[in-house]
Amino acid sequence: MGKIAFVTGGSRGIGKAIAISLAKEGFRVAINYRSKEKEAVAVKQELESFGQEALALQGNVADSADVARMVSEIEGAWGPVDVLVNNAGINKDNMFLRTKEEDVRNILDVNLMGAFFCAQAVAKKMIKKRWGRIINISSVVGLTGNVGQMAYSASKAAIFGMTKTLAKELSARNITVNAIAPGFIETEMTSGLSESVQEAILGQIPLKRFGQPEEVGALVAYLANEESGYITGQTIVIDGGMSL
Ligand code: NAI
């Protein structure tokens, strides 16, 4: 039976592509979704078409009780999680002086606290098994900052600190923890940007194209597998050279 992966925010975009990459590699994948049940069920069926069981679990990653319930549903169905992919994330862009307290708290709640709750919910069993992979989806803006993205870039930078610390704490138990920092990937999150903003971003990308969710999925599949076992505490940038 395939190893067990839990991908948060897996009903669309990068999370969906990650789930598909893992299912193709033979993982049993549980995706989490917040509200879009129809989309999540469609992804679950697509995952099953690769020959493994799949789960679609409703829940808010910013709510520790929801996270505990989802993880125990996975454990009840299949057993402990081998690979956690903290992908769920939100943004709400605004210039620094207009940024509202409520928005900063919401973004940190989902992007940082959500990743923390999920990691804590799976780590104990990984320690017991002496095997695990935690892969955190951050962003290049966590490295570089970005105009209008104070809260989002701060939440993504926080992920690097969490990744490095967990890597140090959990390495003795053969658990690797890494971060991925995508640049501009074509998803619903980025489709809302105006054409002129997209043109301006394209001008900053040496490879002269936007990234595809499947390219992030392939990187996650590599980090989830056995052969990446000597990589831990790292941030892998996948941005067409944008941050160079
Ligand atoms: P998206 O908006 O298409 O998907 C995000 C997913 O997270 C959705 O399925 C959403 O329902 C889920 N989600 C949001 N809040 C949640 C919550 N509280 N509980 C559970 N699920 C929740 O975004 P996209 O583009 O697929 O992004 C995925 C990840 O990649 C995010 O963490 C994002 O910050 C990151 N990223 C995306 C980039 C891009 O260019 N698209 C660039 C760099 C990072």
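**Ground rules.** I am working with a predicted model, where local features need pLDDT of at least 70, side-chain atom pairs count only at pLDDT 80 or more, and totals for chains, interfaces and linings use all residues. Residues are numbered from 1 along each chain as its sequence is written, and side-chain values use heavy atoms, with hydrogens and water left out.

**Overall build.** I found nine helices and seven strands (DSSP runs, with helices being H or I of at least four residues and strands E of at least two, numbered from the N terminus). Buried residues make up 48% of the 244 (under 20% relative accessible area, with a 1.4 Å probe and protein chains only).

**Largest pocket.** I read off a volume of about 1300 Å³ for the largest pocket. Of its 50 lining residues, Asn 91, Tyr 152, Thr 187, Met 189 and Thr 190 are the closest to the centre. On a 1 Å grid over the protein atoms alone, a pocket is an open set with protein on both sides within 12 Å along at least five of seven lines, a cavity is a set of points where a 1.4 Å probe fits but cannot get out, and lining residues have an atom within 4 Å of a point. Volume here is the space filled by probe spheres set on the points, which are joined across faces, edges and corners. The elements that each supply at least two lining residues include H1 (13-24), E2 (28-33) and H6 (150-170). I noted 20 nonpolar, 24 polar and six charged residues in this lining.

**Cavities.** I counted two cavities of 30 Å³ or more. The largest holds about 70 Å³, and of its 13 lining residues the closest to the centre are Asn 86, Asn 87, Ala 88, Asn 111 and Ala 115. Helix H4 (101-129) gives the most to that lining, with five residues. The second largest cavity has about 50 Å³, and Tyr 152 is among its lining residues, along with Lys 92 and Asp 103. Here H6 gives the most, with three residues.

**Ser 11.** I found this residue in the loop between E1 (4-7) and H1. Ser 11 counts as buried because its relative accessibility is 12%. Beyond its neighbours within four places in sequence, its contacts (heavy atoms within 4.5 Å) include Lys 16, Asn 32 and Glu 39.

Methods: Ala, Val, Leu, Ile, Met, Phe, Trp, Tyr, Cys and Pro count as nonpolar, Asp, Glu, Lys and Arg as charged, and the others, Gly among them, as polar. Buried means under 20% relative accessible area, exposed over 50%, partly exposed in between (1.4 Å probe, protein chains only).
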